[in-house]
Amino acid sequence: MNWIVGKIVKVYNFTENLFSLIIRAPIKPFKAGQFTKLALRINDRYIQRAYSYVNAPDDPELEFYIVSIPDGLFTSELKKLKLHDSILIKEYALGFFTIDEIPNCKDLWMLSTGTAIGPFLSILQFKKNLEKFDKIILVHAVRYKHDLSYWFLMKKLRKEYKGKLIIQSVISRENKDNSLHGRIPQLIENRKLEECVGFKLNKKTSHIMLCGNPGMVKDTLNILKNKYDMDKHLRRKPGNITVERYW
């Protein structure tokens with residue numbers, strides 16, 4: 001797949017390590033929930049990483065939510081980018097973490113950690129093909145309250161969905177009002193997440209989309225399989241759980 005040149009049009013620094021890049025580039029159309037790859041020339045070689053689109057497909061400004069990793073070669077250089085700087089981006093998007101891959105169900109659960117909130121925000125901002133769900137439960141798990149970079153957008157979307165969208169924050173390293181304390185897997189296992197959002201996970205009515213820290217994804221998958229008798233969703237074998245994989 002071809003690389004094309006994009007230009008930085010905005011940079012938002014949320015915290016010391018969390019930021020977003022807004023890029024303009026003549027990419028091919030993508031589906032909400034998909035990801036792409038960004039690349040930079042560093043020390044005479046090109047380094048690339050995968051990032052999900054945060055923006056809706058009909059938005060010409062391409063947004064990527066990024067965590068700067070201490071001593072991370074690529075993200076350290078990304079963080080230095082300024083207005084009008086250039087960056088390489090894949091012409092075509094990748095991935096099947098999209099609504100058209102999700103079977104019909106009553107309640108759709110979007111469970112994310114950290115910067116993996118991105119594909120869910122793209123899907124929810126696009127607002128297409130979501131009529132088949134009665135309720136959508138969006139969960140964003142972070143370490144500290146100040147890591148909820150897109151909370152303002154999540155609340156705006158909740159208002160726009162007029163009762164269809166439930167949002168819930170989870171904070172692992174501090175206790176804050178209106179946020180659950182702990183990790184997603186344990187909050188599912190002890191049913192505190194279900195109690196807080198007012199809905200029960202059910203094999204017959206629920207579908208779960210998982211995106212984020214590999215440990216969270218692995219532990220949540222195990223709990224959903226063992227406690228709720230749910231399986232991963234495949235085209236050849238329908239199930240209740242869809243997981244994002246980057247490659």
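## The second largest pocket

By class, how many residues in the lining of the second largest pocket are nonpolar, polar and charged? In this predicted model, that lining has six nonpolar, two polar and five charged residues.

The second largest pocket has a volume of about 320 Å³. It is lined by 13 residues, and those closest to its centre are F96, H233, L234, T242 and V243.

## The largest pocket

Now for the other pocket. The largest pocket holds about 1400 Å³ of space. Its lining takes in 48 residues, with V67, T113, G114, T115 and N213 closest to the centre.

Which helices and strands each supply at least two residues of this lining? The strands are β4 (45–52), β5 (62–67) and β8 (135–142), while the helices are α1 (73–80), α4 (184–189) and α6 (214–228). Sorted by class, the lining of the largest pocket has 24 nonpolar residues, 16 polar ones and eight charged ones.

## The cysteines

How many disulfides does a search of the whole structure find? The count is zero. C105 shows why a bond is ruled out there: the closest cysteine sulfur, in C211, lies 17 Å from the sulfur of C105, which is too far. A disulfide would need the two sulfur atoms to be within 2.5 Å.

C196 has 40% relative accessibility, so it counts as partly exposed.

Methods. Residues are numbered from 1 along each chain as its sequence is written. This is a predicted model: local features need pLDDT of at least 70, side-chain atom pairs count only at pLDDT 80 or more; totals for chains, interfaces and linings use all residues. Side-chain values use heavy atoms; hydrogens and water are left out. On a 1 Å grid over the protein atoms alone, a cavity is a set of points where a 1.4 Å probe fits but cannot get out, and a pocket is an open set with protein on both sides within 12 Å along at least five of seven lines; lining residues have an atom within 4 Å of a point. Grid points are joined across faces, edges and corners, and a volume is the space filled by probe spheres set on the points. Helices (H or I, at least four residues) and strands (E, at least two) are DSSP runs, numbered from the N terminus. Ala, Val, Leu, Ile, Met, Phe, Trp, Tyr, Cys and Pro count as nonpolar, Asp, Glu, Lys and Arg as charged, and the others, Gly among them, as polar. Buried means under 20% relative accessible area, exposed over 50%, partly exposed in between (1.4 Å probe, protein chains only).
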